[in-house]
Amino acid sequence: MAEFGFDYSGLKAYSGHITDKDRLLKSSSGGAASHIAEQFIRHGGVVLGVGYAKDFKSAEYYCVNTIDGLEKLRGSKYIASRKMINIDGEYRSVYKVVEEYLIKGQLVLYIGLGCDVGALKRYCQANKIDDVNLFTIELICVGTTIQEAHSMYIQETEKKYRSKIRKLNVRYKKEGWLPYIRIEFEDKNVFEAPFNESDLGIAFNILYRRSCSQCGYKGEKHVGDIAVGDYFRLEHDDDSYDENGVSILIEKTEKGKRIIKNIEPDDFLLKEIDIRKALLENHRYYKNLEADIDTEPIIANLRRNGLRYAIEKYYSYLIPDSAKCGSKKTVVMWGTGTLFSRYSLLVGSLCHVSNVCDNNEANWGKVFQENILCISPQELCSKDDVFVVIMIENVRARKMVEKQLEMLGVYSFDYVLNWIKYASRDMFN
Ligand SMILES: Cc1cc2nc3c(=O)[nH]c(=O)nc-3n(C[C@H](O)[C@H](O)[C@H](O)COP(=O)(O)OP(=O)(O)OC[C@H]3O[C@@H](n4cnc5c(N)ncnc54)[C@H](O)[C@@H]3O)c2cc1C
Ligand code: SF4
């Protein structure tokens, strides 16, 4: 059972989504977190989850005991939250608030990232709190953007559009599940763009918290009763697939089992899946973010000149390098594994990517992240003037692909991390 570096034999996995389209569209993935939260409220419980602060520059905890109140929790916020709750104008520690509810014997559902749930559990242990009524949901998590990048984005956007933000959604489902950013301004104007092409999306991809590359809540170290995430890799012909989002749910504890058992089947389509398949298809449950971008110079630039400038500066050194593959060339990525998940969005934001190619026949014809169709090596050869960005980490496997490419007559290629590092090396000199 050491296949993923930990013993997963005690875990169970499910796919699922809210069946009502309007409600599903409001959630990030399949709406598992919101659906379970609703059920807790219906059973007299309170839910503690994360929403944006009033000015959208940060995220903080909210305590919710009505179905309507869950609205502000919906959707992912890609920053770490403040562990504070505003109660009647006064900020209080979220841990204290949870403690008070538990002492009163109230049913509590706490939703957060792995480190959020871990911190609450440590608090309960240290203060000998009886947590029999405490249930926890962890989000499967790649890591968060640094706070400064997020608040700078809000500041720059409000300045650019000369209006305060009224609503922010970084998982807006404009065209199905592909995340868009949608900002509603007080003057009623609206900004929409594919999230990964927005400055906030780019910041999420390149300005991550370095500590997240050494997350202490992966694999067997998860502490939540269940973990929920995106099930992007679910086959489109699976009967539990929905183009507007599907959740993956991983049950860990007895309480997790109770949460899953109590999911009302009327308006949530739940299906047990093989745990090994689930882990293969969502590696963030056990695998850390690869911190291979030197974020320090970008952060220094962000502090001096703002986010837009820092991104432009970063890209101005990447783009000439991407020009190596030339805008007229047909750019194809090779490999659909970890590096693809991590970098396909960044590569896609730098140049137009035609396809992804893979030796695995099972992937041919499948559509991956960002609507990229996977083709076979034979199809790759039939394309004119191709440049291949190799998305394979293992050196031996990469060398084999390079050899294969040469045999196919494709001599124009680069390893994705060279491509990025080469470009960023002299960036801020
Ligand atoms: C920083 C971050 C990184 C993520 N990385 C991955 C990943 O790599 N792979 C993956 O499969 N899924 C990841 N997710 C989870 C995914 O984006 C969805 O949040 C998750 O699938 C829940 O969606 P839902 O439709 O069930 O929830 P919704 O109905 O949309 O409700 C969202 C819930 O998430 C909580 N929440 C939102 N933002 C935060 C936050 N910053 N801190 C704590 N709680 C928050 C809210 O309280 C709410 O309860 C990440 C989420 C975040 C916030
Ligand atoms: S990767 Fe780990 S440490 Fe970073 S935000 Fe997610 S759970 Fe917390």
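Modeller: Let us begin with contacts: two residues are in contact if their C-beta atoms, placed from the backbone, lie within 7 Å. Helices (H or I, at least four residues) and strands (E, at least two) are DSSP runs, numbered from the N terminus. The model is a predicted one, in which local features need pLDDT of at least 70 and side-chain atom pairs count only at pLDDT 80 or more, while totals for chains, interfaces and linings use all residues. Residues are numbered from 1 along each chain as its sequence is written, and chains are lettered from A and ligands numbered from 1 in the order in which they are written.

Colleague: Which residues of α5 meet α6?

Modeller: On α5 they are Ala149, His150 and Tyr153, and their counterparts on α6 are Asp199, Leu200 and Ala203. By class, this contact of α5 with α6 has four nonpolar residues, one polar and one charged. Here Ala, Val, Leu, Ile, Met, Phe, Trp, Tyr, Cys and Pro count as nonpolar, Asp, Glu, Lys and Arg as charged, and the others, Gly among them, as polar.

Colleague: How is the geometry of such a pair described?

Modeller: Two packed helices are described by the angle between their axes and the distance between the axes. Axes are lines fitted to C-alpha atoms, for helices over the stretch in contact, and angles run from 0 to 180 degrees between N-to-C directions. The axes of α5 (residues 147–161) and α6 (residues 199–206) come within 10 Å and cross at roughly 170 degrees. The two helices are therefore roughly antiparallel, a label for angles over 145 degrees, with under 35 counting as roughly parallel, 65 to 115 as roughly perpendicular and the rest as oblique.

Colleague: Why does the end-to-end distance of α13 agree with its number of residues?

Modeller: The expected span of a helix is 1.5 Å times one less than its number of residues. Helix α13 (residues 395–407) has 13 residues and should span 18 Å, which agrees because its end C-alpha atoms are 18 Å apart. After α13 comes Gly409, with a positive phi near 85 degrees.

Colleague: In what order do the 10 strands of the open sheet lie?

Modeller: Two strands pair if DSSP finds at least two bridges between them. The order is β5-β4-β3-β2-β6-β7-β11-β12-β1-β13, with mixed pairing. At the edges are β5 (90–93) and β13 (268–273), each of which pairs on one side only. Neighbouring strands of this sheet are turned against each other by 30 degrees on average, direction ignored. Helix α4 (residues 114–126) packs on the sheet, where it touches β4 (81–87), β6 (108–113) and β7 (134–139), and its direction makes about 130 degrees with that of β6.

Colleague: Which residues face each other across these pairings?

Modeller: β2 and β3 (residues 59–64) are antiparallel over six bridges, and Tyr52 stands opposite Ala59 in β3. Their hairpin has six residues between the strands, and Phe56 takes a positive phi near 65 degrees there. β3 runs parallel to β4, joined by three bridges; the bridge partner of Ala59 in β4 is Ser81. β11 (residues 226–230) and β12 (residues 247–251) form an antiparallel pair over five bridges, in which Val228 has Leu249 as its partner.

Colleague: How many residues surround ligand 1?

Modeller: A residue is near a molecule or strand if its C-beta atom, placed from the backbone, lies within 6 Å of it. There are 34 around ligand 1, the closest being Ser27, Ser34, Gly49, Val142 and Gly229. This shell divides into 14 nonpolar, 15 polar and five charged residues. The shell around ligand 2 has seven nonpolar, three polar and no charged residues, among them Cys141, Cys212 and Cys215.
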